[in-house]
Amino acid sequence: MKLKELLEELETLGKENDASVEQKDRKYLNITRDTGEFLSVLIKAGAVRQVLEIGTSNGYSTLWIASALPEDGHVTTLEVSPFKISQAKSNFKRANLDHKITVVQMGAVDYLGQASRLFDLVFLDADRASYVQVADQIVSLIRPGGILVCDNAVSHAEELREFIDFVDSTGGFTTTTVPVGKGEFVACKKT
Ligand SMILES: C[S@@+](CC[C@H](N)C(=O)[O-])C[C@H]1O[C@@H](n2cnc3c(N)ncnc32)[C@H](O)[C@@H]1O
């Protein structure tokens, strides 16, 4: 299936589903289209190859990331919900992008506790309360010159304040928050 059509289908599904379901863990809570475009530009401009995403949902943001990566690029994406993982995997196959994506059914704290490799870009879009707990590990997983992007920096600014303050306090990043989608905190690791 063409990526453009699948993204449009998922945008409609996300709006309809999230407006009708009550349970928060059944909502998709996808990034906005302009956030997807923004991630694509960062990936292409930064010659990004290895991405870690925390919070896959049904794979909408992962599709933007994977499609922007070069053929030898790869995205590892973490999700705790088996229900969402099965939908995400199906969407990755439909877009013919599954060869560029590894889905890990694991929470961020567990994964980051044992991860050692470096990533060119880390995209955070999961349970915001846990970011502070793993802030140290997140900043160490980004290679010098690499980028951290955190969604909801405007929509949930208070919830993210401690995490963003931590990243700023390291002195190791050049940072900004841009008014794209729900607000993106962007931090580039100094070389
Ligand atoms: C905002 S949604 C992600 C939306 C997705 N990035 C997109 O735009 O399509 C957050 C997702 O993170 C998952 N999640 C929550 N806590 C998590 C954790 N500790 N580790 C990994 N995933 C988590 C939730 O199940 C949910 O599907």
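This is a predicted model: local features need pLDDT of at least 70, side-chain atom pairs count only at pLDDT 80 or more; totals for chains, interfaces and linings use all residues.
I'll start with H3 itself. Helix H3 covers residues 60–68, and 8 of its 9 residues are buried, so H3 is mostly covered. The buried ones are Tyr60, Ser61, Thr62, Leu63, Trp64, Ile65, Ala66 and Ala68.

What packs on H3? One partner is helix H1, residues 3–20, with the two axes 10 Å apart and an angle of about 160 degrees. That angle makes H1 roughly antiparallel to H3, given that anything over 145 degrees counts as such. H1 passes H3 in a left-handed crossing. On the H1 side the contact uses Leu3, Leu6, Leu7, Leu10 and Gly14, and on the H3 side Tyr60, Leu63 and Ser67. Sorted by class, this contact holds 6 nonpolar and 2 polar residues, with no charged ones.

The other partner I'll show is helix H2, residues 33–45. Its axis and that of H3 come within 9 Å and cross at roughly 30 degrees. H2 and H3 are therefore roughly parallel to each other, the cut-off being under 35 degrees. The crossing of H2 and H3 is right-handed. H2 contributes Gly36, Leu39, Ser40, Ile43 and Lys44, while H3 contributes Ser61, Trp64, Ile65 and Ala68. By class, the contact of H2 with H3 has 5 nonpolar, 3 polar and 1 charged residues.

Now the ligand. How many residues surround the ligand, and which are the closest? There are 19, and the closest are Leu29, Gly55, Ser57, Tyr60 and Ser61. The elements that give two or more residues to this shell are H3 and strand S2, residues 74–79. The shell's make-up is 8 nonpolar, 7 polar and 4 charged residues.

Last item, alanine 126. Where is it in the chain? Alanine 126 is in the loop between strand S4, residues 119–124, and helix H6, residues 135–140. Is alanine 126 buried or exposed? Alanine 126 counts as buried because it has 20 C-beta neighbours inside 10 Å, and the threshold is 20 or more. Leaving out residues up to four places away in sequence, alanine 126 touches Ile54, Gly55 and Ala108. Glycine 107 lies 19 residues from alanine 126 along the chain, and their C-alpha atoms are separated by 9.4 Å.

Note on methods:
Residues are numbered from 1 along each chain as its sequence is written. Axes are lines fitted to C-alpha atoms, for helices over the stretch in contact, and angles run from 0 to 180 degrees between N-to-C directions. Helices (H or I, at least four residues) and strands (E, at least two) are DSSP runs, numbered from the N terminus. Angles under 35 degrees count as roughly parallel, over 145 as roughly antiparallel, 65 to 115 as roughly perpendicular and the rest as oblique. A crossing is left-handed if the near helix is turned anticlockwise from the far one by less than a right angle, and right-handed if clockwise. Two residues are in contact if their C-beta atoms, placed from the backbone, lie within 7 Å. Ala, Val, Leu, Ile, Met, Phe, Trp, Tyr, Cys and Pro count as nonpolar, Asp, Glu, Lys and Arg as charged, and the others, Gly among them, as polar. A residue is near a molecule or strand if its C-beta atom, placed from the backbone, lies within 6 Å of it. A residue is buried if 20 or more other C-beta atoms lie within 10 Å of its own, exposed if 12 or fewer, and partly exposed in between; C-beta atoms are placed from the backbone.
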